[in-house]
Amino acid sequence: MSKSVFDKILKENKFLFKSYYPDKKHIFKALEICPIENTKVVILGQDPYHGENQAHGLAFSVPEFIPIPPSLRNIFKELSSDLEISNPKHGDLTSWAKQGVLLLNTVLTVQPGKPGSHQKIGWEDYTDSIIKKLNDEKKHLVYMLWGKNAQTKEALIDIGKNLILKAPHPSPLSAYRGFWGCKHFSKCNAYLKSKKVRGINWEL
């Protein structure tokens, strides 16, 4: 399904794909590492990082050798405050994904240097279908919805059988409005524990 979705989007928007991030082999990495059946937590991003070598298919994450972007640095600041975990030395969140954290961008590709450039070409329909599938097939998930864009997806989620945690986006432009101090990481693990589900080891 994933390949056919990309082929369709590519066919209809070839002019937008002369150059794009992440590399084709990483576009569906979030779902490959954390398939629906293994998902415990969903963290929604907007679209991939648009700088060279930054995007590798996991929302907010960057490869280990890449400097940590500002939003992720703020996520780590909150994580450290919430759980007294030392600030990570790298920004690769693969270990979270392997534990059941679906790091899903709502748009899965982007043009270099042009944030939002692949919005409204079909990705949102695909990622909405993933959220709907999660909602239909799973329960006791934790959704971390950071920022207005992510929070528009709340309508797709049954709040009666899942936990929704909302906060401003961790961007330097908005983190001070309530992302810092939200304690989403400890709240997440407390909820999972209450449902007899193993929590996430957030330490990298």
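In which strand is Val142 found? Val142 is part of strand E3, residues 142-146, where strands (E, at least two residues) and helices (H or I, at least four) are DSSP runs numbered from the N terminus. The model is predicted, so local features need pLDDT of at least 70 and side-chain atom pairs count only at pLDDT 80 or more, while totals for chains, interfaces and linings use all residues. Residues are numbered from 1 along each chain as its sequence is written, and side-chain values use heavy atoms, with hydrogens and water left out.

Val142 has 0% relative accessibility and counts as buried; buried means under 20% relative accessible area, exposed over 50%, and partly exposed in between, with a 1.4 Å probe and protein chains only. Contact here means heavy atoms within 4.5 Å. Leaving out residues up to four places away in sequence, Val142 touches Lys40, Val41, Val42, Leu163, Leu165, Cys188, Tyr191 and Leu192. The C-alpha atoms of Val142 and Asn162 are 6.1 Å apart, although 20 residues separate the two in sequence.

A nonpolar core is a set of buried Ala, Val, Leu, Ile, Met, Phe, Trp, Tyr and Cys residues joined through side-chain atoms within 4.5 Å. The largest such core has 66 residues, and those with the most contacts inside it are Val41, Ile43, Trp96, Trp123, Met144 and Trp202. In soluble globular proteins, nonpolar side chains tend to be buried together.

**Asn105**

Asn105 lies in strand E2, residues 101-105, and is buried at a relative accessible area of 8%. A polar atom of the Asn105 side chain is 3.4 Å from the backbone nitrogen of Gln46. Beyond four places in sequence, Asn105 is in contact with Gly45, Gln46, Asp47, Pro48, Leu58, Ala59 and Thr127.

**Cavities and pocket**

On a 1 Å grid over the protein atoms alone, a cavity is a set of points where a 1.4 Å probe fits but cannot get out; a pocket is an open set with protein on both sides within 12 Å along at least five of seven lines, and lining residues have an atom within 4 Å of a point. Points are joined across faces, edges and corners, and a volume is the space filled by probe spheres set on them. There are 2 cavities of 30 Å³ or more. In the classes below, Ala, Val, Leu, Ile, Met, Phe, Trp, Tyr, Cys and Pro are nonpolar, Asp, Glu, Lys and Arg charged, and the others, Gly among them, polar.

| Space | Volume | Lining by class |
|---|---|---|
| Largest pocket | about 500 Å³ | 11 nonpolar, 13 polar, 1 charged residues |
| Largest cavity | about 50 Å³ | 9 nonpolar, 2 polar, no charged residues |
| Second largest cavity | about 30 Å³ | 6 nonpolar, 1 polar, no charged residues |

Asp47, Tyr49, Phe60, Ser71 and His169 lie nearest the centre of the largest pocket, among its 25 lining residues. The residues lining the largest cavity include Pro22, Pro48 and Asn105, and E2 gives the most to that lining, with 3 residues.

**Backbone geometry**

Most residues other than glycine have a negative phi, and most peptide bonds are trans. The bond from Tyr21 to Pro22 is cis, with omega near -10 degrees. His140 has phi near 60 degrees and is partly exposed at 23% relative accessible area. For Lys183, phi is near 55 degrees, and its relative accessibility of 39% counts as partly exposed.

Definitions and conventions:
A polar contact is a pair of N or O atoms within 3.5 Å; within protein, one must be able to donate a hydrogen and the other to accept it, and residues adjacent in sequence count only if both atoms are side-chain atoms.
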